[in-house]
Every structure is written in structure tokens, then in C-alpha cells.
Amino acid sequence: MKQHDAIAGPVLQCGRHALDLSRPRVMGILNVTPDSFSDGGNYLAPETALTRARRMVDEGAEIIDVGGESTRPGATPVPQDEELRRIMPVLEVLCPSLPVPVSVDTSKPEVMRAAAAAGAGLLNDVNGLRAEGALEAARDSGLPICLMHMLGTPRTMQDDPRYDDVTVAVRDFLLARVADCEAVGIPRHRLLLDPGFGFGKRSVHNYQLLRELDQLVASGLPVLVGMSRKGMVGQATNKPPQERLHGSVAAAVMAATLGARVVRVHDVAATREAIDFVSAVLTGGLPEPGRGAGA
Ligand code: 7PJ
């Protein structure tokens with residue numbers, strides 16, 4: 001990769017925050033789904049969410065991704081009112097308080113509208129704006145949008161997914177979604193693309209997608225990836241989810257090296273350190289304005 005490729009990059013306007021993608025950024029995951037050991041009703045209190053989010057920012061997260069609907073394989077959909085009840089109190093505290101944009105992991109148009117009104121900085125839709133009304137809600141928000149590829153729905157996606165060539169299928173799908181976005185008036189400079197690791201893919205598909213990530217990067221749109229603690233990491237390292245840190249960091253390093261601009265992770269501090277090293281190599285060690293050179 002030529003040095004100028006590594007340091008050129010768009011600046012996304014995420015509400016009141018500008019997000020410079022001239023080097024890879026870390027998105028910290030903040031789940032506000034109910035504690036799986038309880039019977040529900042036990043959501044993350046906004047103050048607890050703020051403490052967790054602030055800690056991720058201190059560790060180097062430059063986006064916080066808030067999600068109120070589990071998209072794990074086999075998960076059943078959460079009704080809209082329920083999703084709003086989970087995330088809105090958290091967004092109302094986080095959006096005005098954090099020094100970084102808050103992204104909202106949702107596929108529902110009404111949740112997108114409410115999130116934008118509460119000051120969210122980015123919409124992250126694992127369904128690629130395919131729900132009825134989602135394109136329009138995303139357009140009206142004025143926010144950047146991450147379009148992700150998923151085969152099927154979270155409930156069905158791991159039922160025997162098949163592809164002729166997964167990289168071609170994912171790229172064609174995402175570019176068709178970009179065209180659909182442009183057709184309703186969402187300019188491409190507001191879009192990010194995500195191959196959707198683990199969403200309707202076997203490990204062999206996930207590994208090919210990562211190996212060939214440069215083909216998605218070649219679209220010219222910034223690429224976001226989420227592999228943190230996923231099955232593709234566990235499959236290679238033979239570790240349960242809580243012990244997938246090192247494999248997840250390796251996945252983030254590979255993605256950043258191949259040109260990904262955002263990595264969505266649980267373990268911010270470790271990922272940030274590794275990604276800072278990748279950035280240093282790609283930029284030839286140019287210090288980033290506003291950040292300690294660490295020399
Ligand atoms: C992703 C996501 C991902 C984007 C989840 C998990 C499952 N959003 N939301 N990309 N994964 N954009 O974190 O294991 O890969 S939820």
C-alpha cells in the first residue's frame with residue numbers, strides 16, 4: 001500500500017462531531033440488552049452506561065455503538081417500543097455528554113428517527129436499510145450510515161448459508177444498497193460499508209471476506225468491520241467468547257492493514273494499541289494532531 005493511500009481519507013460529519021477517517025478508528029460496543037440471566041426488565045441504567053462509555057473513550061474509542069436488539073444467531077426480534085425503552089434513556093444521557101459520536105445499532109426506522117432527534121451521530125444498520133421506511137428515515141436524519149451485509153435474518157441466518165463467491169456476493173449487495181441510498185437522496189459521502197462478519201456466513205466465508213477485504217475497500221467508501229469475539233475468531237483459536245481477545249485483536253489488525261477505517265470491538269484498550277501501531281506503519285510514523293506522539 002502506498003503511503004498516500006494510508007493517509008487520505010474522508011471526514012464524516014456525525015452530527016456535532018467530525019470523524020476523521022484518514023486512519024483507522026475504534027468503535028466501542030455498548031450493549032443495552034437485558035441481562036441474559038434475568039427475566040427481563042433489568043436494563044442497563046443510563047448512569048452505568050455513561051460510566052462504561054466514558055471508560056471506552058478514555059481507552060481510545062472514537063465512536064460508541066449503542067445497541068438494544070440482540071442480533072446473535074437465533075435471536076428473536078425485539079418490538080419497537082421495547083427497543084426504544086432500552087436505548088432512549090441511554091442515548092439521552094450519552095449523546096450530550098460524550099466527546100465522541102454515539103452510533104445506534106438499529107434496523108427500525110422509528111428508532112432511527114428517535115435516535116437522530118436525541119443527538120446520535122451515526123446509524124448502524126445490520127439490515128442495510130432494507131426495512132420499510134428505513135431508507136427515508138436514514139436520509140432524513142442527515143447522519144452517516146453504516147450499511148451491513150446479512151444473508152437472511154438473525155433468526156435464520158446461520159441455517160446453511162451458501163455462496164458461489166462470498167466476496168462478490170457481499171460487494172454486489174452493498175453496492176446495490178449504495179445505489180438505492182443515492183436514489184432516495186442519501187449522498188454516498190454519508191455511507192460506510194460493512195461485510196457483516198458472522199451474519200449468514202460460515203467461518204470459511206468469513207475468512208475469505210477478511211482475506212479479500214481490499215476488494216471492498218476498493219469501492220472507495222470507508223469500510224467498517226466487526227469481528228470482536230465472534231465465532232470466526234473462536235474457530236481459529238479454539239477459545240470461548242470471553243477468551244478471544246488476542247484473536248480479536250489480530251482480526252482488527254488484519255482488517256486495518258487491508259484498509260478498514262473503523263473496527264467495532266468489545267476490548268477497546270488492547271485494540272486501540274494494536275491499531276495505533278498499524279497506523280504508524282501505514283503513515284510512516286506521522287503523529288496524529290492532538291494525540292501524544294509516544295516517541
Ligand atoms: C456487527 C454489528 C457487525 C456492524 C453486531 C456481535 C453481534 N454492526 N452489530 N457490524 N455485529 N456494523 O457484536 O457479535 O459486525 S452485533
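Predicted model: local features only at pLDDT ≥ 70, side-chain atom pairs only at ≥ 80, totals over all residues.
Asp125 is buried without a salt bridge, helix α11 has the length you'd expect, and a search of the whole structure turns up zero disulfides.

**Around Asp125**
- You'll find Asp125 in strand β6, which runs over residues 122-125.
- A polar atom of the Asp125 side chain lies 2.7 Å from the backbone nitrogen of Asn127.
- Setting aside neighbours within four places in sequence, Asp125 is in contact with Thr106, Ser107, Met112, Arg130, Cys146, Leu147 and Met148.

**Helix α11**
- This helix covers residues 268-283, and its 16 residues should span 22 Å at 1.5 Å a residue.
- The end C-alpha atoms of α11 are 21 Å apart, so the model agrees with that expectation.
- Buried residues in α11 include Val268, Thr271, Ile275, Val278 and Leu282.
- Arg272 is also among the buried residues of α11.

**The cysteines**
- Cys146, one of the residues in contact with Asp125, counts as buried because its relative accessibility is 0%.
- The closest cysteine sulfur to that of Cys146 belongs to Cys181, and at 11 Å it is too far for a bond.
- Cys181 is in no disulfide either.
- With a relative accessible area of 0%, Cys181 is buried.

Conventions. Residues numbered from 1 in each chain as written. Heavy atoms only, no water. Helix = DSSP H or I, 4+ residues; strand = E, 2+ residues; numbered from the N terminus. Buried < 20%, exposed > 50% of the residue type's maximum accessible area, 1.4 Å probe, protein only. Lys, Arg positive; Asp, Glu negative; His and termini not counted. Salt bridge = Lys/Arg side-chain N within 4 Å of Asp/Glu carboxyl O. Polar contact = N/O pair within 3.5 Å; in protein donor to acceptor, adjacent residues only side chain to side chain. Contact = heavy atoms within 4.5 Å. Expected span 1.5 Å × (residues − 1). Disulfide = S-S within 2.5 Å.
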